[in-house]
Amino acid sequence: MDVVETNAPEVEALAREQVIAPFDSPYVADLPAWAIPPHRRWFSDRANLWVTGYNTDKVKGEELPATLAGFAAPAWKGRLSLEATDYDWMSGVISSMGEARGEEFFRQLSALKPEMRKGHVLLAQLVAAGELQVCLTIYSGNADSIKSKGGPIDWRPIEPLVGRPQALALAANAPHPHAALLFADFVLSPEGMHLLNEMGRVPASRTQKTLLDANKYVMIDPIRSTDEAPRWEKLWNELFLK
């Protein structure tokens, strides 16, 4: 490969294996601090935001609680769903709430036995189809793609709103290194960031107005997330997958 772009914790794992190389771009100056790791082997070009998606035929927007903690109420039993691998979302929520309060919230949520499905695109489709009423871990871009075509789905940025950086990196042994760097420059440029914005994604660049400007959020640190992944994955599996 020449270039990789996916979830930042996965790209961080590639960095630790020396699969990707340090690089630079003049457009790094447009990025926020959370998009620039100290080793500079990747930069975040966009973020995925976990939002609360719901089927508009089955749920009224005014029914939704003001904060995630409200979903621990017994009234939500049988109405909730989660993406089956989103333990890093859980770590971000717990970081925001505080460890004791956050872990108690997830134990209460576990007791409601939310539906578990694997794949964020699938979850958005199932919510739009009415098979699932509410999903706490919808990607905003997936919901918007269906909503723009008239699908009965909408979402709310219910706090704590957690985001995860996506990362762009160049292969250490890229067969076309100059083209790879030119491509990375284009993606990180205002033009590339504008295209991501138009596609319904959440570009990292401060040259664009996005959901990040309109909402209070917690952004996961991919380096810390990679270090702590075994702990959070173990807790997630105990709570939701057993």
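Where is the place of Lys113? I found Lys113 in the loop between α3 (99–111) and β5. Before going on, I noted that this is a predicted model, where local features need pLDDT of at least 70, side-chain atom pairs count only at pLDDT 80 or more, and totals for chains, interfaces and linings use all residues. Residues are numbered from 1 along each chain as its sequence is written, and side-chain values use heavy atoms, with hydrogens and water left out. The element names come from DSSP runs, numbered from the N terminus: helices are H or I with at least four residues, strands are E with at least two.

**Lys113, continued.** I checked its accessibility: Lys113 counts as exposed because its relative accessibility is 63%. (Exposed is over 50% relative accessible area, buried is under 20%, and partly exposed is in between, with a 1.4 Å probe and protein chains only.) I also looked at Lys113 against Asp221: they sit 108 residues apart in sequence and 28 Å apart in space, C-alpha to C-alpha.

**Helix α4.** Next I went through α4 (residues 120–129). I listed its buried residues as His120, Leu123, Ala124, Leu126, Val127 and Ala128. These pack against β3, β4 (80–83), β5 (115–117), β6, α5 and β7, where contact means heavy atoms within 4.5 Å. Just after α4, I noticed Gly130 with a positive phi of about 90°.

**α4 with α5.** How do these two helices pack, and at what angle? I read an angle of about 45° between α4 and α5 (residues 140–147), with their axes 9 Å apart. That angle is why α4 is oblique to α5; under 35 degrees would be roughly parallel, over 145 roughly antiparallel, 65 to 115 roughly perpendicular, and the rest is oblique. On the α4 side I found His120, Val121, Ala124, Gln125 and Ala128, which meet Asn142, Ala143 and Ile146 in α5. I sorted the residues of this contact into 5 nonpolar, 3 polar and no charged.

**The cores.** Which residues touch the most other members of the largest nonpolar core? I got Trp34 and Ile138, in a core of 33 residues. (A nonpolar core is a set of buried Ala, Val, Leu, Ile, Met, Phe, Trp, Tyr and Cys residues joined through side-chain atoms within 4.5 Å.) The largest share of this core, 5 residues, comes from α4. I then noted a second, separate core of 32 residues, which includes Leu64, Leu112, Leu235 and Leu239.

Methods:
Axes are lines fitted to C-alpha atoms, for helices over the stretch in contact, and angles run from 0 to 180 degrees between N-to-C directions. Ala, Val, Leu, Ile, Met, Phe, Trp, Tyr, Cys and Pro count as nonpolar, Asp, Glu, Lys and Arg as charged, and the others, Gly among them, as polar.
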